[in-house]
Amino acid sequence: MTDFLLLGTVELRGADGTVLDAGPAKQRTVLAALLVDTGRWVATETLIDRVWGEDPPAQVRPSLYAHIARIRRMLASRGAPVGSGKDSAGPQLRRGPGGYLLDVPPGRVDVHRFRRLLEQARETGRTDAERVAMLREAVGLWRGEPLAGLAGAWADRTRQSWEQQRIEAVLAWADAEFRVGRHAGVIGTLTALVAEHPLVEPLTVALMRALQAAGRGPEALARYTDLRKQLSEELGTDPGAGAQRTHLAILRGESVSPTARDEQLPAEAGRGRRAVPAQLPLEARGFTGREEELARLDGILAAAAERPAAVVISAIAGAGGIGKTWLALHWAHRHTERFPDGQLFVDLLGFNPSVPPMEPATALRGFLETLGVAPHAVPSTLQGQAGLYRSLLADKRMLVVLDNAGSPDQVVPLLPGNPDCVVLITSRRRLTELVTRHGARPVVLDPLSAEESRRVLDVRLGAARAAAEPDAVEELLTWCGGYPLALGIVAGRAGCTPRLPLARIAAELREATTRLDALDDDTPAGSLPKVLSWSYDALTVVQARLLALLGLAPGPDIGLSALASLADLPTPEARAALRALEDLHLVEQHEPGRWRMHDLVRLYAADRGRQDLAAGERDAALRRLVEFYLHTACATRGLMVLELDDTPPQLGVPGPGCRPQQLTTQAEAVRWLADELPNLLAAQELAADRGWRRLVWQLAWSLDHFQSLLGHVHDRVAMWQAALAALDPDDSLEVHVRAQWRLGHAAAYAGAHEESTKQLEHALSLAEQAGDHGTQARIHIALAQGHGRQDHVRAALDHATLAVQLEREADLPAVRAAALNSVGWYSARLGDYDQARVHCAAALPLARRIRHEGVEADILDSLGYIAHHTGHHDEAVGHYRLAVARYRAIGGDYWAADTLDRLGHAHHALGNPELARTTWEEAAAMYRDQHRHQPAERVQRQLDALERTESG
């Protein structure tokens, strides 16, 4: 039987103790990502996120499939079945609609065995000796750092979580050993863990107790001195109450059993008898949703109760109006019974423009008076007030809610020192310092989901009224965008005017120019524009200008270099301003290096841009941004060798403040184009709206081939229609020819064959008038492709043959290679494989000589087709594989999917059903991602037939 080990290096170990190499780091990460959910389906997207994180490579799915295949072979080499038979013994790696499932008995995976032993040790009825044995075995399963050698955010998070579980297990084991009188046996393990985690007080406390019980009191006292010094230097705080009590007991020579507690600290002078504080404000009606965030807060509280180590601090962060206080109060009211000594609440006024943020001393004075300290007994210094506050809470179980914090400086003096207390903070800022220095658990709020938003309206409006106008409710949900404050304003308006149709409110929200007015209110806290203005007012001049410009920028998101051109800022200054906006949740870095805004925040920012920026400044900024996109896109052409010897447009010099992004490799160019494509199309639309005609067709010219590679046929048609509409008679004949030719080519792939023929024939007529043989050849190639897509193969071959003849007079190597391949392809489609092979074989060295990977990939695909249909399946596999690699190198996944489909047929013809299956699964996934439903369904039928053949 094979054991799977994660608590150290990722390994497979046989019953004889031999270790099997689990492969390279990425393969081990895939294996670990499956093993943590042993016996459960793990979605493909989840696996990709765990292994590659938020920025996976373009070809991540093939890489994942390759690792899965190698893991199957590895399990098979151990005699472990990997099929789907239910009666198979041993580990099974299954695939299904839900992703992948690695079916391994949990007891054979060390981390699951570790957790099971902990659960068994906690069961009632266990003797101390049984608990010791179970906990000792659990701790002994650790061989070092878990998931050692694996990189990535998921591995780091998992390591941290498991390390915390290890600490808890060691502490439980130490307590159990102490109870049976074997305290000395834990000293070595505790000493090593304290060295790794010097600021985890319970570890030091447990070590102090063990040392004192073993007759090594001076060493125990030295450990306390070390702890106090490190806490002071690292966190600016003192040891907690538990460590202080243990230290005092050792000084007195008293017993320090794990459950012993000293006398409570004496009450401070002036403290009177008061009722239990209950300062939580009334919870707002209609709370719904936020199950994930509530569960996270519940989990934090449960973990703290199980093993108190430090004050539990949860920091709820999010934009203004996102529902932070709503969530905090709902959660707090649900858990008041957990805090029998009361709840403290204060609004720190961090973002209220009418009053300054509350000073920590003011908040502390209010808390102390609530806790019964007479006003004359409140210390005069902030340090004295904080010390008294912590002393009063040292023996209590209290909840402290700090609402609307503006900075960590407001919060730190209000943190208790007692691990039985819980602090809940809300803020528009991320309060990173509290996370890094004080162990706060961040809970970031995003907009509500559509279903959560619907429940909010159902509760606030009443289900009957919502059901009476379902279309209007759908519109309200769309325009509110999951913002709880916006939903509350809409529901409040509807509630105050019960006869007002919801459709009237929806109509006001429908228009972008009136949407914010419809979400305004006389009460500042109930007005979305005013709430957003409080965040805006907290910005510096540079930050506020940047936000206003971002509201005006076209496209769904923006990269740092584009933003620097938009704002005419050096990149470091633009990055610093972005961080400030991100800190206030006005923008979100949804991918590394890319930022976006919620639609309502964008509307507010655009409104501020129109109010605060002069028209000339707005126009200049947008022109800089459009020119940034154009010049950077045009520069990618030289890196990708995209066109058929096509002359690029003459752009001229970028305007002042425009800083085109410097790209140096083909891979960078492909990645940039893929990331920026929606913004590039939006920039073209903006240029058309502003009358920047030349920029409109130049953008289309720069983007055309990449759009073709991606197979975005309808976007490509729209792009060239806009370009053609932007032309006038003063533009050169060459520009008119290219626009009509490109539009005709795009229309053919969009299925608009009549429009395609019209545009291509008109372009051909103009090229013939100009005597431009090279362009005529290109247009004939496009006409051949249009006829080929209609299965008019003979007509396609005729146009391809004309292209070859015309190119001889133009001497354009890329056009010649493409024309020869076109003749070869359509000859093969007609069954003339000898002629097809001759033409494609002549084309291949031409494409390779000029390093034109797109044309080379087309030729290799043709050669693979010819080889497959003449019985040379091994040769076909080689051509197809190389074609796929070339397509992927230039971002041509659209075409790579077709080649993969054909590659699967070659594998199947060679009697390799497993390779055929893997290849077709990949092709089907790519087709679905590309929304190409018919080929996806065809390949799925091929997979189904293969499955039936194998099972039969």
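The buried residues of helix 23 (residues 528-537) are covered by elements including helix 20 (484-496), helix 22 (512-518), helix 24 (541-552) and helix 27 (599-612), where contact means heavy atoms within 4.5 Å. Helices (H or I, at least four residues) and strands (E, at least two) are DSSP runs numbered from the N terminus. The model is predicted: local features need pLDDT of at least 70, side-chain atom pairs count only at pLDDT 80 or more, and totals for chains, interfaces and linings use all residues. Residues are numbered from 1 along each chain as its sequence is written, and side-chain values use heavy atoms, with hydrogens and water left out.

Eight of the ten residues of helix 23 are buried (under 20% relative accessible area; exposed is over 50%, partly exposed in between; 1.4 Å probe, protein chains only). Among them are Leu528, Trp534 and Tyr536.

An open sheet is formed by five strands in the order 7-8-9-6-10, with parallel pairing; two strands pair if DSSP finds at least two bridges between them. Strand 7 and strand 10 (441-444) each have a single partner strand, so one side of each lacks a neighbour in the sheet. From one strand to the next, the twist averages 15 degrees.

Within this sheet, strand 8 (residues 399-405) has seven of its seven residues buried and is therefore largely enclosed by the rest of the structure. Five parallel bridges link strand 8 to strand 7 (residues 343-347), with Leu344 opposite Val400. Strand 8 is also joined to strand 9 (residues 422-427) by five bridges, and Leu399 has Val422 as its bridge partner.

Notes. Axes fitted to C-alpha atoms, helices over the stretch in contact; angles between N-to-C directions.
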